[in-house]
Amino acid sequence: MVNVIDKDLVSIQEVRNLLKDATEAQKELATFSQEKIDNICKAMTMAAYDNRVKLAKMANEETGFGIWQDKVVKNSFASKAVWENMKDMKTVGVINEDKMNKVMDIAVPVGVVAGLIPSTNPTSTVIYKALISLKAGNSIVFSPHPTALKCITETVDIIRNAAVREGCPAGAISVMTTPTMQGTAELMKHDLTKLILATGGSAMVKAAYSSGTPAIGVGPGNGPAFIEKTANIPLAVKHIMDSKTFDNGTICASEQSVVVEEVSKQAVMNEFKKQGAYFLTKEEAAQLEKFIMRANGTMNPQIVGKSIDTISKLTGLTFPQGTRVLIAEENRVGMKVPYSREKLAPILAFYTTKDWEDACQLCIEILTNEGAGHTMVIHTEDDNVVREFGLKKPVSRLLVNTPGTLGGIGASTNINPALTLGCGAVGGSSTSDNISPENLFNLRKVAYGVRELDELRGEDLNLVDSKVETCSTTDSKDELINKIVAAVLEKL
């Protein structure tokens with residue numbers, strides 16, 4: 001007789017066990033001082049940083065996505081850069097006291113966090129989410145993408161062991177070892193889960209928001225890059241090329257299309273060619289287009305994070321040696337227009353407009369179609385154009401004269417370093433922030449009374465009193481009450 005193991009049931013039971021342990025661990029974390037929490041986070045940071053190369057190679061080998069050398073940079077960013085930004089942040093106990101106004105702010109951990117991890121940035125996202133969760137006094141249970149299970153599990157083991165050595169309860173950082181959709185659903189919907197940090201495909205993020213558990217999720221990125229006529233064209237092109245080739249374009253803040261004005265079109269195209277871009281012929285663009293999206297309208301994983309050589313073999317197209325990015329001229333926008341959508345690969349759409357006003361409208365159309373609330377880039381020396389774009393674009397990050405990939409996550413800009421980028425209400429997210437520990441604790445307000453009811457009534461009390469004084473002494477009891485009520489209602 002053969003014993004049949006139901007993987008879904010095993011996964012669900014594992015989640016329940018992990019959540020129970022995480023809840024007990026979080027109760028202990030809640031008693032720790034800021035100093036102890038910081039020592040734990042620092043140990044996690046150093047362990048992740050010391051293993052950044054090993055974990056990068058594991059992620060690249062297991063998933064086949066990206067470039068391992070760039071994943072080293074991402075692991076370094078997720079550990080050291082994130083830690084440097086938050087190390088002095090007050091996240092435990094009394095974090096602010098306003099003695100003049102007699103108000104005190106106390107940080108209260110949310111509890112157990114569910115961390116959903118994608119296959120495109122697996123190890124760096126684990127490091128980042130663990131750090132910001134623990135810094136805020138929370139425990140975290142990870143749901144790994146099945147195709148990145150080994151590298152995610154190894155990352156969790158490394159940072160958990162470092163945390164435990166500093167006195168952290170082991171249950172505070174854990175990972176599902178039997179990941180299934182049913183197990184992940186249990187993790188998101190269980191009463192012991194208090195917050196979901198969702199990074200992944202649109203379907204997963206929507207599931208997180210519909211789970212009934214508070215969630216912070218991100219929508220798809222589809223950021224256009226507008227090269228305005230006053231821009232430093234060689235530098236603008238360099239920024240876009242650097243960004244789009246970084247880890248083969250797997251970061252969702254990377255540019256997905258380029259928008260130029262007619263007056264500068266040829267100069268921009270020449271510069272792209274000079275820096276290693278290849279402009280596809282109409283026939284080549286039509287051939288590649290078939291491989292960008294699947295029949296159901298979702299991105300084809302066969303091209304995600306893949307090199308130009310791999311894309312060449314997949315499509316049967318031949319590109320010049322040294323090609324870094326593929327560019328297709330486009331004039332359409334829509335869900336059935338693959339080049340106008342998110343492409344996590346070294347592929348760009350190229351649009352030409354009459355002037356910056358038309359470019360402004362086109363960028364809005366691209367973002368409204370897909371990527372609303374996320375990120376876009378503008379290259380210009382005209383501050384007035386920047387202001388107009390800033391006022392009108394439906395994005396949470398408008399990046400100026402910087403690579404989209406590095407600027408969006410806060411590596412080349414001074415916004416919070418993060419690998420979860422909120423898209424705001426327009427993008428279906430609960431926040432537009434680059435997510436930090438400050439998004440992962442609640443504030444308990446302690447407020448002293450400073451005014452009495454009589455003071456709040458003020459002149460209104462005197463007006464009511466004057467109305468009452470006009471009442472005749474011959475009024476009946478009911479008439480007197482009615483006049484008083486009428487006087488009060490008159491002031492409401």
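**Views of a predicted model**

**View 1. Residues around the second largest pocket.** Fourteen residues, written 14 in the count, line the second largest pocket, and K282, A285, E329, E330 and N331 lie nearest its centre. A pocket here is an open set of points on a 1 Å grid over the protein atoms alone, where a 1.4 Å probe fits, with protein on both sides within 12 Å along at least five of seven lines; lining residues have an atom within 4 Å of a point. The model is predicted: local features need pLDDT of at least 70, side-chain atom pairs count only at pLDDT 80 or more, and totals for chains, interfaces and linings use all residues. Numbering starts from 1 along each chain as its sequence is written, and side-chain values use heavy atoms, without hydrogens or water.

**View 2. Elements that line the pocket.** α11 (282-289) and β12 (347-353) each supply at least two residues of the lining of the second largest pocket. α11 gives the most, with four residues. The volume of this pocket is about 290 Å³.

**View 3. The fold around it.** The protein chain holds 18 helices and 15 strands. These are DSSP runs: H or I over at least four residues for helices, E over at least two for strands. The C-alpha trace spans about 105 × 70 × 50 Å along its principal axes.

**View 4. Inside the chain.** Of the 492 residues in the protein chain, 53% are buried, meaning under 20% relative accessible area with a 1.4 Å probe, protein chains only.

Technical notes
Buried means under 20% relative accessible area, exposed over 50%, partly exposed in between (1.4 Å probe, protein chains only). Grid points are joined across faces, edges and corners, and a volume is the space filled by probe spheres set on the points.
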